[in-house]
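Thanks for taking a look at this with me.

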Amino acid sequence: MNNDLTSSLRPALVMTGLFAVLLGIAYPLAMTGVAQAVFPHQANGSLVVDHGKAVGSELIGQGFASDRYFHPRPSAAGKGYDAMASGGSNFGPTSQPLVDRIKGDIANLHPVPGVSIPPDLVTASASGLDPDLSPEAALYQVRRVAAARRLPEARVEALVEGAIETPILPFLGDAHVNVLALNRQLDRLGATAGR
Amino acid sequence: MTIQGWLLILVFVGVLLALTKPMGLWLHALYEGRRTPLHAVLGPVERGFYRLSGIDPTEEMGWKRYAVHMLVFNAVLMLLTYAVLRLQGVLPLNPNKLAALPEHLAADTAISFTTNTNWQSYAGESTMSNLSQMFGLTIHNFLSAATGIALAFAFFRGFARREAETIGNFWADCTRITLYLLLPISIVYALYLVASGVPQTLAGSVDITTLEGAKQTLALGPVASQEAIKMLGTNGGGFFNANSAHPFENPSAATNFVQMLSIFLIGFGLTWTFGKAVGNTRQGWAILSAMVMIFLVGVGVCYWQEAGGNPIVHHLGVAGPNMEGKEVRFGAAASALFAAVTTAASCGAVNAMHDSFTALGGMIPLINIQLGEVVVGGVGAGVYGFLLFAILAVFVAGLMVGRTPEYVGKKIEGREVKLAVLAIAVLPLIILGFTAVSAVVGAGLAGPLNKGPHGFTEILYTFTSAVGNNGSAFAGLTASTPFYDSMIGIAMWVGRFFIIVPMLAIAGSLAAKKYTPETAGSFPTTGGLWVGLLVGIVLILGGLTFLPSLALGPIADHLAMIAGKTF
């Protein structure tokens, strides 16, 4: 036993040092070098740039409050879409605070008669930074956005339909609409339609 | 539930079954220490490592020596990480100027990553510098995984060797697994993730101005290099607080699918390697069949509940699946599948918040861990854990037919059975004991976010995850307190090493035995009867122990949910 212990010290110390350099420094730095050279856009956060200024990331949701924009899902990240504090609400299925929050979010919706509320529209995502809405949740907001922008509903609806993305293989995940991309398209439409 | 959802689950299992043999073959080459094509590139690195640290890779070790070298190596690694986390404030690569971690959090985190648990009482983006993530944590993602696989190899040798006193060389196993398996796959995998949108930079964050004119700071860092080995090594410790739900860790449904595959890949392969090592690959397929059966039942229940949704929310006029704590790009099916995979394997990465699952949907991850994470399980740990159950299963079968039990050519006697029971009994003892303490003392009761039975489930899940070395959480519980950090730290340490030592003792004891050829009277350990017996033993031993605690937590929660009662 004693011999086992003493004989283990040198390999344990030296191997820790060697592996730390290989796996903790060389590997991540080499990956960073290759990533920055080959995929600089993705490696730096997939930023969306308008007129030379970064207005967001393709992958990270951001808050929208104006009636002129499609609204994202409720967010539990910090005070909402805080990308330095990702996370969900962690409310359980029988949580009264969850019920209260959903009621509050429903009260702020512009109801569409005869259509039940899509679940993602009034639930907080896991990351608090979900960039997407379900197609149903986006379509649910068409009437409000069209009215605020004085655009025909059909035009806004067509915009949503055109923005629906599906996974490479459809069964891998759900169809979705990127809210930032949709709202930027809306702004481009708005540049020609009446402000 | 949709046809697409079921298609996802079936394709997922199908792809893994197709990859089982190729992965098993590769692992078997490493198990035997054979030359691989990668030796041409990495062979000099391997030899250099041995020379500098004075290791003779051909030296054979008895189980005690193997155990001591493994433990000392893990202890040194843990101290290194503790030091890095405590000195974070003065070390380089800290673009966001983050301070050192307090003692209890640094110790808890060092234990957490050493034991392959990757429980996180902190939020990565606001706690860990890039150096801490890379140097302090990523090395554990490799080496705790390599340790687990090395231990599985040692255990296999116990069955495979005849009248031998040794079970291999820890350093050779650990080094070969790291260099010829984990590192090369991680390199390719990390680049795939970057191409798909996962950041890989030394910058800490970037400021942007949103369309509505608000300021948003995006946390960045060397994410992809950590993400790859986090999944492959069933570690699960996320770069960000939201883990694989964060769009920067898991940007699309396609990356999500690959992440799920990579959690199970090595675990599936190891079952084949076991069969090959003991000279009959059907032995490997038999234990894999039992694992997959238990897994599919769990996935089915979880998906059914999540797709069905929460009746309390439906009552408010909202139709459809339970989307609280889920990402739209994944949806109910891919979230339920991920939850079952990450808890069946002891990964603990999450792409949805388990705390916000429906009561029974959230019970499945809990049960998966309570079964001992032997349904595929963590890399290495899953298969040796499952073999402990196999030892008990042949013992039970032997009692029924009145013969000395045998398994893959080795007689199973009193010593092995006692050690297997010892290893398996650690789990309920700590989980239930620590949960009971936390449910009565003030510092424990201060933890849960939710009230009612769900609050109890949060505590139960915490210790289940810690002892099981899973690392996923019902994250509502505030764990970064001295009370929980200490309790969780102890639970993780005991849950890892108090199973490993009896397991290695069994390996040593088995290796010393003669080979007992199979006869007409031997209980067959390859057919359907055996698979059924295995499933039964895992469910009875692993599951029944916890049933009362499940009744107090998720089952009570489910009844409340159906009755529309909130807390």
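1. Where in chain A does A:Ser46 lie? A:Ser46 sits in the loop between α2 and β1 (47-50) of chain A, with helices (H or I, at least four residues) and strands (E, at least two) taken as DSSP runs numbered from the N terminus. Although A:Ser46 is not a glycine, its phi is positive, at about 50 degrees. A:Ser46 counts as buried because it has 22 C-beta neighbours inside 10 Å; a residue is buried if 20 or more other C-beta atoms lie within 10 Å of its own, exposed if 12 or fewer, and partly exposed in between, with C-beta atoms placed from the backbone.

2. A word on the basis of these notes: this is a predicted model, in which local features need pLDDT of at least 70 and side-chain atom pairs count only at pLDDT 80 or more, while totals for chains, interfaces and linings use all residues. Residues are numbered from 1 along each chain as its sequence is written, and chains are lettered from A and ligands numbered from 1 in the order in which they are written.

3. Chain A is assigned domain 1 (2-43) and domain 2 (47-192), bounds that come from an automatic or database domain assignment. Taken over C-alpha atoms, the centres of domain 1 of chain A and domain 2 of chain A are 41 Å apart.

4. Do look at the open sheet of chain A, where three strands pair antiparallel in the order β3-β5-β4; strands pair if DSSP finds at least two bridges between them. β3 and β4 (164-165) of chain A are the edge strands, each pairing on one side only. Two bridges connect β4(A) with the antiparallel strand β5 (residues 176-178) of chain A, and A:Glu165 stands opposite A:His176 in β5(A).

5. How many residues does each chain bring to the contact between chain A and chain B? Chain A brings 91 residues and chain B brings 106 residues, where two residues are in contact if their C-beta atoms, placed from the backbone, lie within 7 Å. On the side of chain A that touches chain B, α1(A) gives the most, with 24 residues. That side has 51 nonpolar, 32 polar and eight charged residues; Ala, Val, Leu, Ile, Met, Phe, Trp, Tyr, Cys and Pro count as nonpolar, Asp, Glu, Lys and Arg as charged, and the others, Gly among them, as polar.

6. In chain B, helix α1 (residues 3-32) packs with helix α12 (residues 331-344) at an angle of about 35 degrees, their axes 8 Å apart. Axes here are lines fitted to C-alpha atoms, for helices over the stretch in contact, and angles run from 0 to 180 degrees between N-to-C directions. Among the contact residues are B:Leu8, B:Ile9 and B:Phe12 of α1(B) and B:Leu337 of α12(B). By class, this contact has seven nonpolar, two polar and no charged residues.

7. B:Val408, in the loop between β3 (406-407) and β4 (410-411) of chain B, is another residue other than glycine with a positive phi, near 40 degrees. B:Val408 is buried, with 23 other C-beta atoms within 10 Å. B:Phe386 belongs to helix α14 (residues 381-401) of chain B and is buried, having 28 C-beta neighbours inside 10 Å. Leaving out residues up to four places away in sequence, B:Phe386 touches B:Ile287, B:Met291, B:Val374 and B:Gly377.
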